[in-house]
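User: I have a structure open and want to go through some of the packing with you. Can we start with what a contact is?

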Amino acid sequence: MSQHGNTRKDVEDVYELSPIQQGLLYEQLAQPGIGIYVEQLRLEFSGDLRPRLFERAWQLVVDRHPILRTSFHWRKDGTPMQVVHRHCTLPLEVLDWRGLDRAEQDSRLDASLDAERLAAFDLSAAPLMKSTLVRRAEGEWTFSWRFSHLLMDGWSFTLAIQDFIDNYRLLCQGAEPTRPPARPYRDYLRWWRARAPERSREYWERELAGYEPIERVGGGSGSVAEGERTHSYFERGLGDLAARLTELARAEQLTLATLAQGAWLLVLGRYLGRADVACGVTMAHRPRDLVGAETILGPMVATVPIRERLVPTRVLRSWLRDFGRHVAEASEYTDVPLAELSVPGDGPLLQSSVSYENVPMPNFELSDVGAKMVGLSYDGRPHYPITMVIMPGDEMPLRVMYDRRAFSDELARQFADDLVSVLTQIVDRPELTLDELVVGTTPAHREAALAGPRETLHATFARHAAETPDAVAVVSGDESLTYAELDAWSDTIAAAVRGAARVGLCLERGIDLVASMIGVMKAGACYVPLDPAYPAAHLAGVAGDAALDAVLTTEGAPVPPHPGRTLVLGVDVHRNAPAAFDAVGEPDAPAYLLYTSGSTGTPKGVPVSHRNVQSLLAAGREVFGFDARDTWTFAHSFAFDYSVWEIWGALGNGGTLVVVPAATARDPRALAALVDAAGVTVLSQTPAVFEHLVPELAGPGALRRVFLGGDRLEPAVLRPWFDRFGDAGVEVYNLYGVTESTVVSTYHLVTAEDVHGDRSLPIGRALPNQRVYLLDDQGRQVPRGAAGELCVAGQAVAACYHARPSLTRERFDQDPLVAGDRLYRTGDRAEETEAGLRFLGRGDDQVKIRGFRVEPGEIEAALRAHPAVRTAAVVVRGGSRVIGYVVGDADPERLRAFAAARLPEHMVPAAVVVVESIPTTPGGKIDVSALPVPDAPGASGRVAPRTDLERAIAATVADVLGLGEVGVLDGLGDLGLHSIGAMRLLARMRAEHHLDLALPYLLDSPTVADLARAAGGGR
């Protein structure tokens, strides 16, 4: 779009955009280059057509309707406007393809339309239409008509076609059409301006209060191959079902629209895995109090967000009646444009829409002038990921339009199949409850059970020590122990802690720590990690909750208060004083008690049994081929469950464990040198560390397997690895798991092809001995391709939380398919894709920071413990930046230091901001959008513009947003930039600062400083 530069002589009228046009324009600017809202219509004719008269008939349609002579421009203040031209020519391209076969004709036409769609219309050049008449054979013609949705909706283009047919008939008969000018679209704008929207605003505020939008829908890859269409559609007739639906609608006094729209919303709810669902219902908006509205050409539709809380016990019949009434009620409150309706959250308000096409159909009769229309097809691309339009016709054809970046072709058709299934169930059994409806489900990821050793971990270790006593078991720097030596040292430790049930280990990472773990198990006890690197307050909380019987430590270590014995290695227990010990313990007894972040401020303990870990080891041998030839790194805190995978992956298979000192684990160059020098074959890391390690590696060395876990794995992390080493020789796996299901539950072998996409890599399929389900918030399995809570069942699932019966009942359940097996609800969300399971994020307040699972409640509890803090809230911004907000009279930096003394380093807020109050949404949740964004860690003030360019851009931004002042480090999204404002700012930046930006860039919430750098770089 351009600045308005038309001559007065050519201009018939100038006025603003209607709300629906503003929304359409915004979506086109937000997603350029994919052809949304470029409408393409094909009419197939047989008989004798006269191209010159055909063109003349269409030109008369353009002359009669002002909207068809309209172009779009920006005012100087950034407001979009439309300009109606007095004269505008619509040329007709005439092509003679009679010499080509039908396949070549179709290929050429499709290719030209695809290219044209992607190029889109120049919105500043009227007419925003193109027309082509193709002569395919004698008596066979195709008319292709393309136009911008800014000009017409479905109702309008049927009116235009009827005008064309009437004109063409008269011209063929030798007459000149003399219809009067049509009512202009401006009259609709005048009607809009006269509305009082306050009543509608109040309605929608009540209707949407507490609604939490979803971030995404669908199971697509997020991209399509170069040259492929981003959008597609298909139609599906209902056959005999259409007549049965009509009969049911008549009997139940419902409309067909209610039945189809209700079924669509029910299926959508299952795919979203939630009972609180919102779907757009699009309807014609031809107001009764606007005389002649039915004759106006122009986009006159309204999409209203229909929000339904799907109560499982509701009976279909009564729910459909209430749903119909709900839609009818909502249609009375269309005075507020959809673009002005918003709710707090990260996703758009709507991800899907449904409409029932009830438009006046043209009379296509042209036999009196030697022609006949024999076919009609339409291709429109809405911006929603998936949209359904119910078309008129005996078979009630359903048109499903979808974004192939979100929905694969297979998934979109499955969605439609599920819709037809639900419609069939509505007809056959309207007395069903919503919960009894069957929607295609995702089968559990089930793997065959493996017969692992029915023994304790220390028994497995002792067996390896007996079979290969001289094999190196553990290496730490220049020191190493063989299996026999480590077995003897652990016997001595076992004798020292005899009779204990839970033994704390307050030891640095090293050989003594490994020996202590085995020795505690031999004594029939479980070890409890007390990593000395953690703050004293955290260790005290763990020790108090675990009720330790003993603690093994070294001199000077920060042992927390506890009721049991304290045994100092080298003082109370000596390696050079071996003590024979007959190991005890049962496979179902806890091997360790590991604490994870807790929402109440107190970490929660997970007792994991020997049998749980043996299940993991058996799966590792089966899938990954672990054996005694492997050398593993021990690079993680033993308070992090990844350490169990490392330690027992080595010692449980007769391999060698290489201890990585904490300083080396944080130094990529030193870690790379150790991996090479030690001949490491199995490396386990978090993505954040591995990303920095790859540039330091001279080569793959002895590596056989690389395992990445503990956080979402993005393709960019692995591209450098595959660019350097390819995918031959070393297998790279993406792992997923939680402490409660023994470290690892799913795996995905990453290929070079995987890392070329943009979406996070799949977490794959379940390990043997485990099953993975995706469940909705009612505990039902979701349809394939839908998002659901990831739940794990099988032999690796722990029994409970330590001393937390209510939380155990909430998170642990029975496997729905295998009697006697436990199931754990992880709280994570995932979806089934063609590549396997894909992790979507947390379904509750828990997040992952640098591979650690963290609940903000624990950080909040630490902040609230300060006497000057009345209340606190914690928000994670940018995926990894923890920000604490407190109400009270306290210094932010001192509060941060106070938290650092009580929390592990990865949980310490990057910044603490003092606020007057913690804002909440109508639903009672923290309103993140209303909290200030700190400019830098520890800062809470606004940074003023520092240069003339920053001051000028800040003034523009402040004017567009209606703010008094804007800081140069404030994110535009956090300042309240929304769709319409973004379009105005886009135009202002072009006009005033000569900066041509893409709308998606503005929607990513840049700062004034970012805009100034971009503007400065372009000059």
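Analyst: Contact here means heavy atoms within 4.5 Å. Keep in mind that this is a predicted model.

User: Fine. What covers the buried residues of H5?

Analyst: The cover includes strand S2 (11-16), helix H1 (19-30) and strand S5 (80-85).

User: And how many residues of H5 are buried?

Analyst: Six of the eight residues in helix H5 (residues 186-193) are buried, so the helix is mostly covered, with buried meaning under 20% relative accessible area. The buried ones are Arg186, Asp187, Tyr188, Leu189, Trp191 and Trp192.

User: Next, helix pairs. How are two packed helices described?

Analyst: Two packed helices are described by the angle between their axes and the distance between the axes.

User: At what angle do the axes of H2 and H4 cross?

Analyst: At roughly 130 degrees, and the axes of helix H2 (residues 51-64) and helix H4 (residues 154-172) come within 8 Å. H2 and H4 are therefore oblique to each other. The crossing of H2 past H4 is right-handed.

User: Which residues meet there, H2 against H4?

Analyst: On the H2 side they are Leu53, Phe54, Arg56, Ala57, Trp58, Leu60, Val61 and Arg64. On the H4 side they are Ala160, Ile161, Asp163, Phe164, Asn167, Tyr168, Leu171 and Cys172. Sorted by class, the contact of H2 with H4 has 12 nonpolar, one polar and three charged residues.

User: How does that look for H8 and H9: what angle do they pack at?

Analyst: Helix H8 (residues 256-272) and helix H9 (residues 316-330) pack at about 105 degrees, and their axes are 10 Å apart. Angles of 65 to 115 degrees count as roughly perpendicular, and H8 and H9 are therefore roughly perpendicular to each other. H8 contributes Thr258, Leu259, Gln261, Gly262, Leu265 and Leu266 to the contact, and H9 contributes Leu316, Trp319, Leu320, Phe323, Gly324 and Val327.

User: How many charged residues does the contact of H8 with H9 have?

Analyst: None: the contact of H8 with H9 has eight nonpolar, four polar and no charged residues.

User: Switching to strands. What is the order in the open sheet of five strands?

Analyst: The order is S6-S7-S8-S3-S13, and the pairing is mixed. Strand S6 (92-96) and strand S13 (371-379) are the edge strands, each pairing on one side only. From one strand to the next the twist averages 20 degrees.

User: In what sense do S6 and S7 pair?

Analyst: In the parallel sense, over five bridges, with S7 covering residues 129-137. Glu93 has Thr132 in S7 as its bridge partner.

User: And which strands does H4 touch when it packs on the sheet?

Analyst: H4 touches strand S3 (38-47), strand S8 (140-148) and S13. The direction of H4 makes about 135 degrees with that of S8.

User: What about Ala547, where does it lie?

Analyst: Ala547 lies in the loop between helix H14 (536-546) and strand S21 (550-553). Its phi is positive, about 50 degrees, although Ala547 is not a glycine. Ala547 counts as partly exposed because its relative accessibility is 35%.

User: Thr742: buried or exposed?

Analyst: Thr742 counts as buried, at 0% relative accessibility. Thr742 has a positive phi too, near 65 degrees, in a residue other than glycine. The loop that holds Thr742 runs between strand S29 (731-736) and strand S30 (746-750).

User: Last bit, two single residues. What is Ser516 in contact with, leaving aside its neighbours within four places in sequence?

Analyst: Those contacts are Ile493, Leu505, Leu507, Leu552 and Leu569. Ser516 is part of helix H13 (residues 511-522) and is buried, with a relative accessible area of 0%.

User: And Arg199, which helix is it found in?

Analyst: Arg199 is in helix H6 (residues 198-208). Neighbours within four places in sequence aside, Arg199 is in contact with Glu332 and Tyr333. From Arg199 to Ala278 the separation is 79 residues in sequence and 21 Å in space, C-alpha to C-alpha.

Conventions
Residues numbered from 1 in each chain as written. Predicted model: local features only at pLDDT ≥ 70, side-chain atom pairs only at ≥ 80, totals over all residues. Heavy atoms only, no water. Axes fitted to C-alpha atoms, helices over the stretch in contact; angles between N-to-C directions. Helix = DSSP H or I, 4+ residues; strand = E, 2+ residues; numbered from the N terminus. Parallel < 35°, antiparallel > 145°, perpendicular 65-115°, else oblique. Left-handed = near helix turned anticlockwise from the far one by under 90°. Nonpolar A, V, L, I, M, F, W, Y, C, P; charged D, E, K, R; others polar. Buried < 20%, exposed > 50% of the residue type's maximum accessible area, 1.4 Å probe, protein only. Pairing = 2+ DSSP bridges.
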